[in-house]
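Open the model in your viewer and keep the sequence panel beside it.

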Amino acid sequence: MTITITTSNVNGLRAADRKGIVAWAGHHTPNIWCMQEVRAPQPDIDKIVSKFAFEYAQAGAIDSAEDLTLTNEICRVKGRAGVALLADLPVIEQRYGLPGLDEDVDSGRWIETDIRTPQGYVITVVCVYVHAGNADDPLKMEQKFRFLDTMLVRLGELRDEAAHGGRQAVLCGDFNIAHTPLDIKNAKANEHHAGFLPEERAYVDRWLNEYEFVDVMRSLSGDIQGPYTWWSQRGRAFDNNVGWRIDYQFATPELAETARGFVIDKAPTYDQRWSDHAPLTITYDV
């Protein structure tokens, strides 16, 4: 039996609700769904998640709304960030925030959930929203690099646990870094822009090489251009597929080996999008 894990930056959950995310949920019903940039207060999140639960039940994915578990953290800076994770599988434990960071700007960016798969294994699923950064704003870049440096500590712990017979892990989210020229349409033009700076991309190198995580989508797709997960709202970037691949699932090796396929659900037209990101769904045979 396989499970599906989706990651999607919703670009404001309330706006996505108005644009059709609930219908998408009912059609796809991922077993685990990681969302970033939720940017909503708890009552609104709960109200929209109840709509998701209704759609899951209508689709036969769950028996009742109680079978869908929400884990979320709201950013303490109003209108910023916010992460949420939905699961229709048993949730064993939930952890909030990236250990070592306690500033308001770093909240609403990291949650961990230990989930039991249908086969009885417990895996750790992390929902991540890395700072976007701004090459013209030293403070925002300092915040991004501080977050990335702190991430390395936790990645090392997750790697060591998985390597010694403990829980396998997968980090899902918007990492706001395009790793290589294959992950961005106009690499040369963006070499000095946040999201494609050499010092940012070096972190992904370390995750894959030193920390032994696997870029699951890339391992499945091979070395092809794209496919992208985000398109600027400016100009005709979406229509011309001038995109970036900044949404990932990074898994520990044993879990990555169970990946069977991926889908980037790019909307058919600009008007049918409910976010400027497309959901990335990967199927695992855990």
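This is a predicted model: local features need pLDDT of at least 70, side-chain atom pairs count only at pLDDT 80 or more; totals for chains, interfaces and linings use all residues.

Select residues 122-129, strand β7, and residues 168-174, strand β8. These two strands pair in the parallel sense over seven bridges. Strands here are DSSP runs of E with at least two residues, helices are runs of H or I with at least four, and both are numbered from the N terminus; two strands pair if DSSP finds at least two bridges between them. Within this pair, Val-125 stands opposite Val-170 of β8.

Now widen the selection to the open sheet of six strands, whose order is β5-β6-β7-β8-β12-β9 with mixed pairing. Colour β5 (91-96) and β9 (214-215): they are the edges, and each has a single partner strand, so one side of each lacks a neighbour in the sheet.

**The helix pair**

Next select residues 21-28 (α2) and 42-58 (α3), whose axes come within 8 Å and cross at roughly 35 degrees. Axes are lines fitted to C-alpha atoms, for helices over the stretch in contact, and angles run from 0 to 180 degrees between N-to-C directions.

Show side chains for Ile-21, Val-22, Ala-25 and Gly-26 of α2, and for Lys-51, Phe-52, Glu-55 and Tyr-56 of α3; these make the contact, meaning heavy atoms within 4.5 Å.

Which residues are closest to the centre of the largest pocket? This pocket holds about 1,100 Å³ of space. Of its 42 lining residues, Ala-132, Gly-133, Asn-176, Ala-194 and Trp-230 are the closest to the centre. A pocket is an open set of points on a 1 Å grid over the protein atoms alone, where a 1.4 Å probe fits, with protein on both sides within 12 Å along at least five of seven lines; lining residues have an atom within 4 Å of a point. Helix α4 gives the largest share of the lining, three residues.

Finish at the second largest pocket, with a volume of about 240 Å³. Select Trp-24, Asp-265, Ala-267, Gln-272 and Trp-274, the closest to its centre among 16 lining residues.

How values were computed. Residues are numbered from 1 along each chain as its sequence is written. Side-chain values use heavy atoms; hydrogens and water are left out. Grid points are joined across faces, edges and corners, and a volume is the space filled by probe spheres set on the points.
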